[in-house]
Amino acid sequence: MNIILLGPPGAGKGTQAQRLEQEYGLKQISTGDMLRAEMAAGTPLGLNVKSIVESGQFVPDPVMIDLIKSRTLQADCANGFILDGFPRTESQAEALDAMLASRDMRIDAVLLLEVDAEQIVARLAERCAPDGSRRADDEPDTVRRRIQVYRDQTAPILPYYENAGRLRRIDGMQNVETVHQAIVAVLGLTK
């Protein structure tokens, strides 16, 4: 099963992806983590990405699609994968679908964790980094800006998946376990 997790920053996507990975063997793929790993490793792709990122540009869609294609061919994705952080635009969604179709694969479901913006602000204000400090991107004004960026840049792809019948809405305002059980039910997963 291949899924995409969508929702604003702080909606709980990472937490839910980790649970699905641990319990069902789906591999969480964070495009941001992949790009950082490539840059840290100093690979040719990483060096290219680093120059793009440092210039303030977005990594081009074909590069992202190639990166995801390569990653999803790895053995740990045999049971399926969870994309977190990609796609962000309709053109990326279309390119992802085309790449997967060329491999007789598809995105089976797109899960939207719906949460109230002010609840996210409150939730992240309480979150601490591993050393006990608060992360800079969890400051209330920063969180509000990140939510607005999500609304402006990512939320517009929702109709693409809704029209394809793959979008599933999950009430992300519930506790972690209840959200997880709702996801499991929507996906029809069993242990």
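How exposed is Arg144, in terms of relative accessible area? Arg144 is partly exposed, at 36%. Here buried means under 20% relative accessible area, exposed means over 50%, and partly exposed lies in between, using a 1.4 Å probe and protein chains only.

Before we go on, a word about the model. It is a predicted one, in which local features need pLDDT of at least 70, side-chain atom pairs count only at pLDDT 80 or more, and totals for chains, interfaces and linings use all residues. Residues are numbered from 1 along each chain as its sequence is written, and side-chain values use heavy atoms, leaving out hydrogens and water.

Let's begin with strand 1, residues 2-6. Helices (H or I, at least four residues) and strands (E, at least two) are DSSP runs, numbered from the N terminus. In a regular strand the side chains alternate between the two faces of the sheet. In strand 1 both faces are covered: Asn2, Ile4 and Leu6 are buried on one side, and Ile3 and Leu5 are buried on the other.

Now look at the neighbours of strand 1. Two strands pair if DSSP finds at least two bridges between them. Strand 1 pairs with strand 3 (residues 81-84) in the parallel sense over four bridges, and Ile4 has Leu83 as its bridge partner there. Strand 1 also runs parallel to strand 4 (residues 109-114), joined by four bridges, with Ala109 as the partner of Ile3.

Next comes helix 3 (residues 44-54), whose buried residues are Gly46, Val49 and Ile52. Seen down the axis of helix 3, these buried residues fall within an arc of 125° (taken from the directions from the helix axis to the C-beta atoms), so they line one face of the helix. Their cover includes helix 2 (31-41) and helix 4 (61-72), where contact means heavy atoms within 4.5 Å. On the other side of helix 3, Pro44, Leu47 and Glu54 are exposed.

Finally, let's return to Arg144. Side chains of opposite charge can pair when their charged atoms come close. A salt bridge is a side-chain nitrogen of Lys or Arg within 4 Å of a carboxyl oxygen of Asp or Glu, and by this rule the count comes to 11. One of them joins Arg144 to Asp141, at 3.7 Å from N to O. Both residues lie in helix 7 (residues 140-154), three residues apart, about one turn of the helix. Asp141 counts as exposed, at 52% relative accessibility.
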